[in-house]
Amino acid sequence: MFDAARNAGTTLTAIALARALARNARTVAVDLSVASPNLDVVAADPSAPGLAELIRGQASFSDVITKDRSSRLHVVAAGQIGPDVNGFLGSHMLAPAIDALAQSYDYLVDRKSTRLNSSHTDIS
């Protein structure tokens with residue numbers, strides 16, 4: 001029960017922070033929470049492919065970047081990670097994908113842990 005409440009809280013915190021940043025800057029929220037990915041709930045297209053499909057070469061950046069239904073925020077969902085979580089997290093394509101997003105936006109909010117800097121904001 002506590003984990004479910006914590007996950008909902010971190011998701012809401014990430015969304016609130018990302019939307020606030022998006023008012024005045026180009027901002028993308030990326031869901032790297034492999035245990036409970038749910039950032040897609042705010043996406044205009046919640047069924048869009050996500051980061052997992054991007055790093056497997058099954059989707060492009062334009063496929064995975066969706067808009068938030070309620071703000072200027074862009075959203076990248078986790079996608080269909082599947083049972084190989086370690087393969088996803090250890091993929092040689094993950095860091096370059098995150099770096100490319102960070103270079104394309106003023107802020108990147110990562111729903112995995114809480115960390116803020118000028119081009120990468122991490123929420124956990």
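Colleague: What is Val-30 in contact with, leaving aside its neighbours within four places in sequence?

Modeller: Val-30 is in contact with Leu-39, Leu-51, Val-76, Ile-98, Leu-101, Leu-108, Val-109, Asp-110 and Arg-111. Contact here means heavy atoms within 4.5 Å. Bear in mind that this is a predicted model, where local features need pLDDT of at least 70, side-chain atom pairs count only at pLDDT 80 or more, and totals for chains, interfaces and linings use all residues. Residues are numbered from 1 along each chain as its sequence is written, and side-chain values use heavy atoms, with hydrogens and water left out.

Colleague: And how many residues does the largest nonpolar core have?

Modeller: The largest nonpolar core has 20 residues, and Val-30, Leu-51 and Phe-88 have the most contacts inside it. By nonpolar core I mean a set of buried Ala, Val, Leu, Ile, Met, Phe, Trp, Tyr and Cys residues joined through side-chain atoms within 4.5 Å. Buried is under 20% relative accessible area, exposed is over 50%, and partly exposed is in between (1.4 Å probe, protein chains only).

Colleague: Which elements give two or more residues to this core?

Modeller: Strand 1 (27-30), helix 2 (51-55) and helix 5 (94-104) do. Helix 5 gives the most, with 5 residues. Helices (H or I, at least four residues) and strands (E, at least two) are DSSP runs, numbered from the N terminus. There is also a second, separate core of 12 residues, which includes Ala-14, Leu-21, Leu-39 and Val-75.

Colleague: Which residues are buried in helix 5?

Modeller: Leu-94, Ala-97, Ile-98, Leu-101 and Ala-102 are buried there. They cover an arc of only 135° around the axis, so they sit on the same side of helix 5. The arc is that of the directions from the helix axis to the C-beta atoms.

Colleague: Why would residues three or four places apart point the same way?

Modeller: Because an α-helix has 3.6 residues a turn.

Colleague: Which way do strand 1 and strand 4 run, parallel or antiparallel?

Modeller: They run parallel, and 4 bridges join strand 1 to strand 4 (residues 107-110). Thr-27 has Tyr-107 as its bridge partner in strand 4. Strand 1 also pairs with strand 3 in the parallel sense, over 3 bridges, and there His-74 is the bridge partner of Val-28. Two strands pair if DSSP finds at least two bridges between them.

Colleague: Switching topic: where is Asp-68 found?

Modeller: Asp-68 is in the loop between strand 2 (65-67) and strand 3 (74-76).

Colleague: Buried or exposed, that Asp-68?

Modeller: Asp-68 counts as buried because its relative accessibility is 5%. Its side chain and that of Arg-19 are joined by a polar contact of 2.6 Å. A polar contact is a pair of N or O atoms within 3.5 Å; within protein, one must be able to donate a hydrogen and the other to accept it, and residues adjacent in sequence count only if both atoms are side-chain atoms. Not counting residues up to four places away in sequence, Asp-68 touches Arg-19, Val-42, Ala-44, Leu-73 and Val-75.

Colleague: How far apart are Ala-44 and Asp-68 in space?

Modeller: They are 5.5 Å apart, C-alpha to C-alpha, and 24 residues apart in sequence. Ala-44 is in the loop between strand 1 and helix 2, and is exposed, with a relative accessible area of 52%.

Colleague: What about Asn-38: where is its place?

Modeller: Asn-38 is in the loop between strand 1 and helix 2 as well. Asn-38 is partly exposed, with a relative accessible area of 22%. Its side chain makes a polar contact with the side chain of Thr-11 (2.6 Å).

Colleague: Last one: how many helices and strands are there in the protein?

Modeller: There are 5 helices and 6 strands, and from the N terminus on they run α-β-α-α-β-β-α-α-β-β-β. Of the 124 residues, 42% count as buried.
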